[in-house]
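Student: Hi, could we go through this structure together, slowly? I'd like to learn how to read it piece by piece.

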Amino acid sequence: MDEQVTAKKILLSQKEKKRRSLMLEGDMFSALFLIALPLVFYASIGQIFQLIDTWIAANISANVVSTVSFVVQIEKMILAISSGLSIAGGVIISRSYGAGDMEKVKRETSTLFFLCLFIGLFVLAVVIPLMYPLLLVLKMPEQLIGQGTLYSSLVVVSIIFQFINTIYFSIQKSRGNTKIIMWGNLLVLGIKTALNIVTISLISQGIFSRDKGIFFLPIATIIAHAVLTVIAVINLTSKDNPFRISIKNTSFSKEFIKPLTNLGIPVFLEKFIFAFGKAIVNSLCAGFGPTVVGALGVSDRICGLATNPPSGVQEAESSLISNNLGNKNIKRALGFFYRSILLNITYVLIVFALTGIFKAAIIYAFAKGDAAFSIEIDKIYTWERLDTILIALNVSVMGLLYGFGKTKVSMAINIARLFAYRIPVLLLFMKVPFLFNNLGTQAVGIAMLVSNSLTGITAGITAFIFIRKLKKDSSLAAL
């Protein structure tokens, strides 16, 4: 296989060869653990930083927390484009890398990068002028829409940098180079948090009002991601990089674009529709009160301590599965899925116990002495935290489906999560007077529990059926 790489006139360093050998031939637990560890570490630290961001927003006002929680779904809707491109592109590049065709890898890497750049610039030009009517359509509460429009526009500006960074990380992940992903993200988080802390300090000194403080949050995001973008471009254009991008290597051929769209469009739709559905959920939750959206946002962040780190294992899992499919080793590809489940469920059990012990202290830190806000958070979080094990199962199944290129199936599961399992349940609680009057804010937490639990069960059944058919008919693995 190394002879094939040499024949393509692209030489890999000894470090690169060793990492590739581990991915394709080494101990599976070691490969999954070593590649996932930087991603899990980042996801863990990232969740802590997100909690810090929420805490900083809470220090400005409860309305700011609600605005941020509402707009984050719009941000996710737009970032669904880069997610679709990165996941689909990562799968394709990983297979070419696993097969040892480095010329093809360079061609696919360059095409993916410039395609994402052009799409990102187009989105920037279209979305910002339409931001106010978009917020009206999504029914952002009237008292939030003024500051929400400017805040959202600034968030969209940061997205062009996030587009580039997402593709950069996808390229690095396809070669198992996850340490650079961890350090790059930590750099972003460090810069962003430092700038946000400065913002709080300036507010406390009366240099500018609390109402204007919210706009410095996305400005910090822009600066942080722009720094990483500069580093990414320098790295990707380096002559020493075997994955080097260049305009001349770009080829919008049917051979690349067709599988990219076939794999990427379902991922885009999955994440876009899910984020859009979350925005609908937020608008429904606003019916319980303007700060309930913020309480749900806080609850989601706390639950993320258990559910976000497994996404790092998922990313490593899907990349390893794709690499081994490119190397024609289906049995080994499935082995990474089984090990992903074991690692993720073990982790969430530990964190579930710890967050249960320190629940009151965690909620108090975000309520900032606001007793009513604290009660709302507790009513939602008490129920929402019960679904973490099934979420971990869902995360591993998504890694399996992404790795095998079954993005249409993953899309169906995640759309059902909102539109079959969550929104109807939430509407039931809102429209039935007895349930609305007796459950109140708790209805939001119960709706989260029901939808996430049913999604985990659906994902588990899907994985069982898929693997059973795969073992019976190898043609199902022909992607």
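**A buried asparagine and its surroundings**

Tutor: Let us start with Asn394, which counts as buried because its relative accessibility is 5%, and please keep in mind as we go that this is a predicted model.

Student: Ok, and which helix is Asn394 in?

Tutor: Asn394 has its place in helix H17, which covers residues 388-403.

Student: What is Asn394 in contact with, if I skip its neighbours within four places in sequence?

Tutor: With those neighbours left aside, Asn394 is in contact with Ile413, Asn414 and Arg417, and also with Thr455, Gly456 and Ala459.

Student: Let me zoom out for a second. How many helices and strands does the chain have?

Tutor: The chain has 21 helices and zero strands. It has 479 residues, of which 56% count as buried. If you take the contacts in the chain with a separation of 6 or more, residues 24 or more positions apart account for 84% of them.

Student: Can we do another helix pair? How do H5 and H11 pack?

Tutor: Helix H5, residues 102-127, and helix H11, residues 254-285, pack at an angle of about 60°, with 11 Å between their axes. That angle makes H5 oblique to H11, and the crossing of these two helices is right-handed.

Student: Which residues meet there, between H5 and H11?

Tutor: From H5 there are Lys104, Glu108, Thr111, Leu112 and Leu115, and they meet Glu255, Phe256, Ile257 and Leu260 in H11. The residues of this contact divide into five nonpolar, one polar and three charged.

Student: New topic, cysteines. How many disulfides does the structure hold?

Tutor: The structure holds zero disulfides. Among its cysteines, Cys116 counts as buried because its relative accessibility is 1%, and Cys303 counts as buried as well, with a value of 8%.

Student: What about Gly304, is that buried or exposed?

Tutor: Gly304 counts as buried, because its relative accessibility is 2%, and this glycine lies in helix H12, residues 292-307. The C-alpha atoms of Gly304 and Arg385 are separated by 9.4 Å, although these two residues are 81 residues apart along the chain.

Student: Where is Gln162, and what does it touch?

Tutor: Gln162 lies in helix H7, residues 142-174, and it counts as buried at 9% relative accessibility. Not counting residues up to four places away in sequence, Gln162 touches Glu75, Leu79, Thr221 and His225. Take Thr221 from that list: Gln162 and Thr221 are 59 residues apart in sequence and 9.5 Å apart in space, C-alpha to C-alpha.

Student: And Leu320, where is that one found?

Tutor: Leu320 is found in helix H13, and it counts as buried because its relative accessibility is 0%. Leaving aside its neighbours within four places in sequence, Leu320 is in contact with Met23, Ala31, Leu32, Ile35 and Phe336. The C-alpha atoms of Leu320 and Arg332 are separated by 9.1 Å, and these residues are twelve residues apart along the chain.

Student: Last one: where is Lys328 found, and is it buried or exposed?

Tutor: Lys328 is found in the loop between helix H13, 309-326, and helix H14, 330-357. Lys328 counts as exposed, because its relative accessibility is 74% and exposed means over 50%.

Student: What is the phi of Lys328?

Tutor: Lys328 has a positive phi of about 65°, although it is not a glycine. As background, most residues other than glycine have a negative phi.

Definitions and conventions. Residues are numbered from 1 along each chain as its sequence is written. This is a predicted model: local features need pLDDT of at least 70, side-chain atom pairs count only at pLDDT 80 or more; totals for chains, interfaces and linings use all residues. Side-chain values use heavy atoms; hydrogens and water are left out. A disulfide is a pair of cysteine sulfur atoms within 2.5 Å. Buried means under 20% relative accessible area, exposed over 50%, partly exposed in between (1.4 Å probe, protein chains only). Axes are lines fitted to C-alpha atoms, for helices over the stretch in contact, and angles run from 0 to 180 degrees between N-to-C directions. Helices (H or I, at least four residues) and strands (E, at least two) are DSSP runs, numbered from the N terminus. Angles under 35 degrees count as roughly parallel, over 145 as roughly antiparallel, 65 to 115 as roughly perpendicular and the rest as oblique. A crossing is left-handed if the near helix is turned anticlockwise from the far one by less than a right angle, and right-handed if clockwise. Contact means heavy atoms within 4.5 Å. Ala, Val, Leu, Ile, Met, Phe, Trp, Tyr, Cys and Pro count as nonpolar, Asp, Glu, Lys and Arg as charged, and the others, Gly among them, as polar.
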